[in-house]
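Take a first walk through this structure. Keep the sequence and the 3D view open side by side as you read.

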Amino acid sequence: MRQLQCFVVLAEELNFTRAAQRLNMSQPPLSTQIQTLERELGADLISRTSRKVSLTRAGELFLRRASNMLDQYERSVQEIREVQQGQDGMIEIGTTGSILRGGLSELLAGFAAAYPRITLRVHEQSPAAQINEVRSRRTDVSFNRSIPREDELAHEYGWQEEMVALVRSDHKFAGRESVSITDLKDDQHVVLRPDSSDFAAYVMSCIVASGYRPHVSQQVIDAQSIPSLVVAGFGVSIVPAGIAKLTSGPLAFLPIRPSPPTSNVYIIYHHRDPAPALQLFLAEIRRRLGGDPAGPREVSADRPAAG
């Protein structure tokens, strides 16, 4: 690169003295750099006489190539610096459809607008699959309603959603301002499969704690699948309020009163991940959520896993 730089500057100045001054070097080392380059190429690039310096035919042809190579090198150096500073790169994100609807999509859109050179790729996965993908480094970060048990994974509290009752618009309670979980005891229930995640188990525990065991008609893994089953007449459900966003059809989302259950969303990533783009992403998400962008807000191990 130094030889190319010396040649391009000399070709522009066609004067050893001025070229050496621009390069902050003396004339003898400049001459040595040019001679070394000519030996490596096997061609004379510079025609030297006592009166003037000019480019040979080979020098004129090589000047275009040399200028392009220097431009590409400088562009590559800048790109590497941006990657190291977290201003470029790709982030693989695992989540569920219900969390995307519950506010994550807006967070990602805000980050993408602020950092357009960082590519975000979202993968909709079951909660357990998300944890496995982060642990194996196939994804960089997970937005999950369950806390991981793996020691190598870090987690932080992201935000909280209220849970609501989901019923068909022709249900006898559809016109109410609110319902209690107990009000739904005579209905069939569409539930998350209790063994699919800590969050699913938490929702079931909220129903049981209200005084009854639900009559389960259907079990699913992702809460986003529930509305279509409720519309089809398979019963009622308790879901995160965010599912109401972008959900159409003959449905009613009713607040649960008193003491509505809540759902926490956690940000999960590998405990020691030095990727600059991920560190920038986490800091920006914390800032947008109103937290400290300088560091994680760790959740204590004894905090309830999902709610």
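Buried means under 20% relative accessible area. The model shown here is predicted. Now turn to F111. F111 also has 0% relative accessibility and therefore counts as buried.

These two residues lead into the aromatic rings. A pair of aromatic rings is described by the distance of the centres and the angle of the planes. The count here comes to 5 aromatic pairs. In one of them, the ring centres of F111 and F281 are 5.0 Å apart and the planes stand at 80°, over the 60 degrees that edge-to-face requires, so the pair is edge-to-face. This pair links distant parts of the chain. F111 belongs to helix α5, residues 97-114. F281 belongs to helix α9, residues 276-288.

R145 lies over the face of F199, at 5.2 Å from the ring centre. Both residues return at the largest cavity. R145 and F199 are among the residues closest to the centre of that cavity, together with T96, S98 and P127.

How many cavities of 30 Å³ or more are there? The count comes to 2. The largest cavity holds about 100 Å³ of space. In total, 14 residues line the largest cavity. Elements α5, α6 and β5 give two or more residues each to this lining. By class, the lining of the largest cavity divides into 7 nonpolar, 5 polar and 2 charged residues.

The second largest cavity has a volume of about 50 Å³. Its lining includes V190, V191 and L192, along with A200, V203 and M204. I226, S237 and I238 also line the second largest cavity. At least two lining residues come from each of β7 (188-192), α7 (198-209) and β9 (237-240). This lining has 8 nonpolar residues, 1 polar residue and no charged residues.

The largest pocket has a volume of about 160 Å³. It is lined by 13 residues, and those closest to its centre are I131, S146, I147, R149 and D198. Which helix gives the most to this lining? Helix α6, residues 127-135, gives the most, with 4 residues. The lining of the largest pocket has 5 nonpolar, 5 polar and 3 charged residues.

Now move to helix α3. This helix covers residues 27-41 and has 15 residues. At 1.5 Å a residue, α3 should span 21 Å, and its end C-alpha atoms are 21 Å apart, which agrees. An α-helix has 3.6 residues a turn, so residues three or four places apart point the same way. In α3, the buried residues are L30, I34, T36, L37 and E38.

Look at both sides of this helix. Just after α3, G42 takes a positive phi of about 70°. In the loop between α2 (16-22) and α3 lies N24. Phi of N24 is near 55°, a positive value in a residue other than glycine. N24 has a relative accessible area of 71%, so N24 is exposed.

Finish at the loop between β10 (251-255) and β11 (262-270), where P258 lies. A cis peptide bond joins R257 and P258, with omega of about -5°. S259 sits in the loop between β10 and β11 too. S259 is not a glycine, yet its phi is positive, at about 50°. With a relative accessible area of 66%, S259 is exposed.

Conventions: Residues are numbered from 1 along each chain as its sequence is written. This is a predicted model: local features need pLDDT of at least 70, side-chain atom pairs count only at pLDDT 80 or more; totals for chains, interfaces and linings use all residues. Side-chain values use heavy atoms; hydrogens and water are left out. Rings of Phe, Tyr and Trp (its six-membered ring) pair if their centres lie within 6.5 Å; planes under 30 degrees apart count as stacked, over 60 as edge-to-face and the rest as tilted. Buried means under 20% relative accessible area, exposed over 50%, partly exposed in between (1.4 Å probe, protein chains only). A charge sits over a ring if NZ of Lys or CZ of Arg is within 6 Å of the ring centre and within 35 degrees of the ring normal. On a 1 Å grid over the protein atoms alone, a cavity is a set of points where a 1.4 Å probe fits but cannot get out, and a pocket is an open set with protein on both sides within 12 Å along at least five of seven lines; lining residues have an atom within 4 Å of a point. Grid points are joined across faces, edges and corners, and a volume is the space filled by probe spheres set on the points. Ala, Val, Leu, Ile, Met, Phe, Trp, Tyr, Cys and Pro count as nonpolar, Asp, Glu, Lys and Arg as charged, and the others, Gly among them, as polar. The expected span of a helix is 1.5 Å times one less than its number of residues.
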